[in-house]
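Please read them with the coordinates open.

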Amino acid sequence: MGRRALLPLLLLALPQIAAAQAKVSRSLQLNADGGVRIHALVGTVTVRGWDRDSVSVRGTLGAGNRLHAGGSGIGVKMFVEAENERRPAPSTLEIMVPMRAKVWIKTATADVAVSGVSGSLDVYVISGTIDISGNPADVNAEAIDGNILVRGSPGLVRARSASGTVSLRGASRDATLSTVSGRITIDGSSTPRGVFERARFESVTGDISFQGGIERGADLRFDTHSGMVDIVLPARGADLEVTTISGTIRNEASSARPLVGRYGRGAELTTSVGDGGAGVQVRTFRGAITIRRAK
Amino acid sequence: MTDDFTDETRSRELDELTAALPREMTPPAEAWDVIGSQIQRDGQRGQARTARTARAAAVWQHPAFLAAASLLLVAGSSAATYTVLRERSQPTPPRTASAEPVSTAVSTVSNLSEFTGKENEYLRRVSGLITIMESGDAELAPETIAKVKESLAVIDGAILEARGALARDPANRQLIEMLEATYEKKLDLLQRTTAMARS
């Protein structure tokens, strides 16, 4: 059947598709620091913080879906019930919450975006993207098959994926980013005053790149099996302890050269760069390591 | 707000499930060929050692023995995983698991022989979690399970590579710590997957 033949059929079907979907608009009272739990299976969930003591939900529910929402000033809970849970129709939700709210979101296959929330944030996605911007008190973001992007400087961040990438554009005093095969990117160049104090960056095969501020007395650890590690230290420097079993170490941050590993294989580099004062530990099995220093 | 992940009852159920798993599994027959060739290779390396070193080494520290033991474990691990993944006819276990933080502690074991005990515990916990993930109760989409399996295969590749290196260098604590960290990643992924499946 040609495209010209398909077009009229599509036009005829459009009203039915539109009728199958349902617009939703709900408002609920919630304290400024109340809790919000959102459970949606498929589609997109966009959450924004606002300066009001209420929650507003707008969006479009997929065919056969129903939105259930309720709660009190202390906490609000909502979930999308699908007519067919095995093949749920996608829904699109835009939710406004008090900016200091504690937000918990769980989805199956959905893209989640959160912005302007300064309370705590928990986001769980099986397959889909997580995009968080702003400065929440703490962030816990988990995906199985999805990318995670955090833009801002949460007080604490835990971001874990399996096959997806994990990116932090900003800084956090307490950060743990991990993935299996995705890439880990930490880019603090947009927040020059942001610093890392305690951080773990872990992958199995994914590459890890870091550029950011490091607090004096900090403890940063990088761990990967075969991913490449590229670290740009702040100009002030750090105390390095770098080990690879069968990879290579390239030190462009100082004149110190790596030595053969203590077990007679691989390479090690233990040195202070600049003023030192912050611990940076890097460990790979066979991933190549490059250490540089910001100018 | 992570109350879904601190269910002690579910954790106990998981412990009971994993405790019920068989302690030993016979590796596949073809594994012995690999073990044999590895023993032969390591045996040739061992001949190059001085006689004094060879006499001083205890039987359990002999490279051939360690290589065989490590490969047996690897083969056993693979066999256990293979068996668990196909035992769909078994009664379905509890569908949940508690999430534990990834360990960043320095290893308390110092050589391969000590590590094998710990590795058995890892394998037991992994098998239990895979059973949960595979069960219908987990309510995971087949494509999600496939994606998780891809990641598990990546982790298994890293474990095998590090395990082979440890067999050749059994007192290397760095390797032991790396292996432990990789096993922890595998457990973490499985725990997260099974926990996420709960509504």
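The points below go from conventions and confidence to chains, strands, interface and core.

1. Conventions. Residues are numbered from 1 along each chain as its sequence is written, and chains are lettered from A and ligands numbered from 1 in the order in which they are written. This is a predicted model, in which local features need pLDDT of at least 70, side-chain atom pairs count only at pLDDT 80 or more, and totals for chains, interfaces and linings use all residues.

2. Confidence. pLDDT is the predictor's confidence in each residue, from 0 to 100. The average for chain A is 92, and 93% of its residues score at least 70. One stretch deserves a flag: residues 13-19 of chain A have a pLDDT below 50. Beyond near neighbours in sequence, that stretch makes zero contacts in the model. Two residues are in contact here if their C-beta atoms, placed from the backbone, lie within 7 Å.

3. Chain A overall. Helices (H or I, at least four residues) and strands (E, at least two) are DSSP runs, numbered from the N terminus. Chain A has 25 strands and one helix. Its C-alpha atoms fill a box of roughly 70 × 55 × 30 Å along the principal axes. Of its 295 residues, 48% are buried. A residue is buried if 20 or more other C-beta atoms lie within 10 Å of its own, exposed if 12 or fewer, and partly exposed in between; the C-beta atoms are placed from the backbone.

4. Domains of chain A. The assignment gives domain 1 (23-107) and domain 2 (129-295). Such bounds come from an automatic or database domain assignment. Taken over C-alpha atoms, the centres of the two domains are 35 Å apart. Among contacts in chain A between residues at least 6 apart in sequence, 48% join residues at least 24 apart.

5. Chain B overall. Chain B has seven helices and zero strands. Of its 199 residues, 37% count as buried. Among its contacts between residues at least 6 apart in sequence, 84% join residues at least 24 apart.

6. Strand β9 of chain A. This strand covers residues 130-133. Which residues form its covered face? They are I130(A) and I132(A), while D131(A) and S133(A) form the uncovered one. In a regular strand the side chains alternate between the two faces of the sheet. β9(A) runs parallel to β7 (residues 102-115) of chain A, joined by four bridges. I132(A) is the bridge partner of V114(A). β9(A) also runs parallel to β11 (residues 148-152) of chain A, again over four bridges. There, D131(A) stands opposite L149(A). Two strands pair if DSSP finds at least two bridges between them.

7. Strand β20 of chain A. Strand β20 (residues 237-244) is mostly covered, with six of its eight residues buried. β20(A) pairs with β23(A) in the antiparallel sense over eight bridges, and V242(A) stands opposite L269(A). β20(A) is also joined to β24 (residues 279-284) of chain A by six bridges, in parallel. In that pairing L240(A) stands opposite V280(A).

8. Residue S272(A). S272(A) sits in β23 (residues 267-274) of chain A. Is S272(A) buried or partly exposed? S272(A) is partly exposed because 14 other C-beta atoms lie within 10 Å. Leaving aside neighbours within four places in sequence, S272(A) contacts G237(A) and D239(A). The C-alpha atoms of S272(A) and A40(A) are separated by 49 Å.

9. Interface. In the model, 27 residues of chain B are in contact with 30 residues of chain A. On the chain B side, α6 (142-168) and α7 (173-197) each supply at least two residues. The largest share, eleven residues, comes from α6(B). By class, this side has 13 nonpolar, eight polar and six charged residues. Ala, Val, Leu, Ile, Met, Phe, Trp, Tyr, Cys and Pro count as nonpolar, Asp, Glu, Lys and Arg as charged, and the others, Gly among them, as polar.

10. Core. A nonpolar core is a set of buried Ala, Val, Leu, Ile, Met, Phe, Trp, Tyr and Cys residues joined through C-beta atoms within 7 Å. The largest one has 107 residues, and V36(A), V103(A), V123(A) and A162(B) have the most contacts inside it. α7(B) gives the largest share, twelve residues. Domain 1 and domain 2 of chain A both contribute residues, so this core lies between them. Leaving aside neighbours within four places in sequence, A162(B) contacts F285(A), L175(B), M178(B), L179(B) and T182(B).
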